[in-house]
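Work through the exercises below with the sequence and the 3D structure open. Try each task before reading its solution.

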Amino acid sequence: PRAQHEAAEAGLRAEAAALAQRLQELERRHEKTCEEVFRVQRQALFMKSERQAAEDRLGAVQKQLEQAQDEARRLRELHGHAEDAARLVKDRDRKITELSKEVFRLKEALNVLPESGGTPQSLPNTAVLQARIRALEEKLEETETRHSKVVTLYRSHLLYAVQ
């Protein structure tokens, strides 16, 4: 039995050594696995923070885009107002030109009347023409005043749009 006992003991020692070696191998694999898990967790945390930063940047860019769109909409409205004002200025200029031509024609007609001899019948016509000239000159002054106000408004819109 002693030989059997020594053989069994040697077998058990060999088995214990093999198990110890296998245990060391499993410990090494466990350490590698833990390191890999730690690396993956760290990478996941980094990716999460990168994602959060990207979402924050995206939110800021979207806000800037909305502001830019609002500003563009406001500028389009101002541009429309400026175009309307420009149209009004052209209309006023046209009216002023027409009134100036009419005043000039009436003045010419008035200058021609006294040269024609001044019959008693022409005096009432002269008074009517002079009254008409005064009315047209007043209308011309009023139109020029309105025109200058529109031009001032147009300029302020343009300055505001440029700013």
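The side chains of Glu71 and Arg74 are separated by about one helical turn, because the two residues are 3 residues apart in helix α1. Keep this spacing in mind for the first exercise. The model is a predicted one.

**Exercise 1. A pair in helix α1**

Task: Find how Glu71 and Arg74 are linked, and state the distance between their closest N and O atoms.

Solution: 
- Step 1. Glu71 and Arg74 form a salt bridge, with 2.2 Å between the closest N and O atoms.
- Step 2. A salt bridge needs a side-chain nitrogen of Lys or Arg within 4 Å of a carboxyl oxygen of Asp or Glu, so the pair has to be checked against that cut-off.
- Step 3. Glu71 counts as partly exposed at 35% relative accessibility, and Arg74 is partly exposed at 26%.

**Exercise 2. The whole structure**

Task: How many salt bridges does a search of the whole structure find, and which residues are linked with Arg94 in a network?

Solution: 
- Step 1. The search finds 13 salt bridges.
- Step 2. Arg94 is linked with Asp91 and Glu98 in a network of salt bridges.

**Exercise 3. A charged residue without a salt bridge**

Task: Is Arg92 buried or exposed, and which side chain of opposite charge is nearest?

Solution: 
- Step 1. Arg92 is part of helix α1.
- Step 2. Arg92 is buried and has no salt bridge.
- Step 3. Its nearest side chain of opposite charge is Glu142, 7.1 Å away.
- Step 4. Leaving out residues up to four places away in sequence, Arg92 touches Thr143, Arg146 and His147.

**Exercise 4. The nonpolar core**

Task: Which residues make up the largest nonpolar core, and which helix supplies the largest share?

Solution: 
- Step 1. The core has 8 residues in all: Ile96, Leu99, Val103, Leu106, Leu110, Ile133, Leu136 and Leu140.
- Step 2. Helices α1 (2-115) and α2 (122-162) each supply at least two residues of this core.
- Step 3. The largest share, 5 residues, comes from α1.
- Step 4. Beyond its neighbours within four places in sequence, Ile133 is in contact with Leu106, Lys107 and Leu110.

**Exercise 5. The annotated regions**

Task: Compare the record with the model over the "coiled-coil region".

Solution: 
- Step 1. The unreviewed UniProt entry places this annotation on residues 9-85 and 126-153.
- Step 2. Residues 9-85 are 100% helix and 0% strand, with end C-alpha atoms 111 Å apart.
- Step 3. Residues 126-153 are 100% helix and 0% strand, and their end C-alpha atoms are 40 Å apart.

Key:
Residues numbered from 1 in each chain as written. Predicted model: local features only at pLDDT ≥ 70, side-chain atom pairs only at ≥ 80, totals over all residues. Heavy atoms only, no water. UniProt positions renumbered as here; feature names shortened; annotations may be inferred. Helix = DSSP H or I, 4+ residues; strand = E, 2+ residues; numbered from the N terminus. Core = buried A, V, L, I, M, F, W, Y, C linked by side-chain atoms within 4.5 Å. Buried < 20%, exposed > 50% of the residue type's maximum accessible area, 1.4 Å probe, protein only. Contact = heavy atoms within 4.5 Å. Lys, Arg positive; Asp, Glu negative; His and termini not counted.
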